[in-house]
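Open the model in your viewer and show the whole chain as a cartoon. The tour begins with the overall picture and then moves to a single residue.

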Amino acid sequence: MSTMKPPDNPLRFDLHLIASWIKEGARVLDLGCGEGSLLEHLARHKKVIGSGIERNESRVATCIQKGLTVLQGDINEEVEDYPDDSFDNVILSQTLQQVYAPDDLIRSMLRIGKRGIVSFPNFSHWRVRLQLLTTGHAPVTRQLPYQWYDTPNIRVITLSDFRRFAREVGYRILKEVAIETQTPDRQGNIVRAFPDIRATYGIFLISS
């Protein structure tokens, strides 16, 4: 396991890794971009041509105040309006587990972008398994802090699940990294040994 902590970097650890995969000057679309921290970082440090889609109105307002190009709307619907190959990278960060039709969304991502970057919490982490085994209740962790009745997560995804999905659908996994993060997710570790049970998140770079 190797530890990384980008000095003076306000990004979450996972977003820092995603940013390292983006080339200088790339065309980037960030789906569910939140308050635009990743887009802002990429614009400043990678000179990307970036835009985002975010449902939450106040977060969109924050992005606009930062000078970012962000559209308010549902990512599943808005991606359909973009022509093929509009972007070099389309990013879906920690949102896949909240999407109603993830297969359709990923298909759209790889239609409008040359490459997609997808990250999500790993529901097969050992703490999740242990809580379910010992308590019989839906697990609550730092990365999954919700009770079953108020969680925005509607899907349970593991690293193995996503690999199998990519294999069955025919997507290429170009790069994969498993990480463990600590509160407040500003620093973390890259997990190389037994990632399926030790990683809190998985990040995948995919293409058609």
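What percentage of the 208 residues of the protein count as buried? The share is 48%, where buried means under 20% relative accessible area, exposed over 50% and partly exposed in between, with a 1.4 Å probe and protein chains only.

This is a predicted model, in which local features need pLDDT of at least 70 and side-chain atom pairs count only at pLDDT 80 or more, while totals for chains, interfaces and linings use all residues. Residues are numbered from 1 along each chain as its sequence is written, and side-chain values use heavy atoms, with hydrogens and water left out.

Colour by secondary structure next. The protein has eight helices and nine strands; these are DSSP runs, with helices (H or I) of at least four residues and strands (E) of at least two, numbered from the N terminus.

Along its principal axes the trace spans about 50 × 40 × 35 Å.

Select residues 201–207, which form strand E9, and pick out Ile-206 within this strand. Ile-206 is buried, and its relative accessible area is 0%.

Show the residues around Ile-206. Leaving aside residues up to four places away in sequence, Ile-206 touches Ile-106, Leu-110, Arg-115, Gly-116, Val-118, Phe-162, Arg-172, Ile-173 and Leu-174; contact means heavy atoms within 4.5 Å.

Finally, select Tyr-171 together with Ile-206. The two are 35 residues apart along the chain, and their C-alpha atoms are separated by 6.6 Å.
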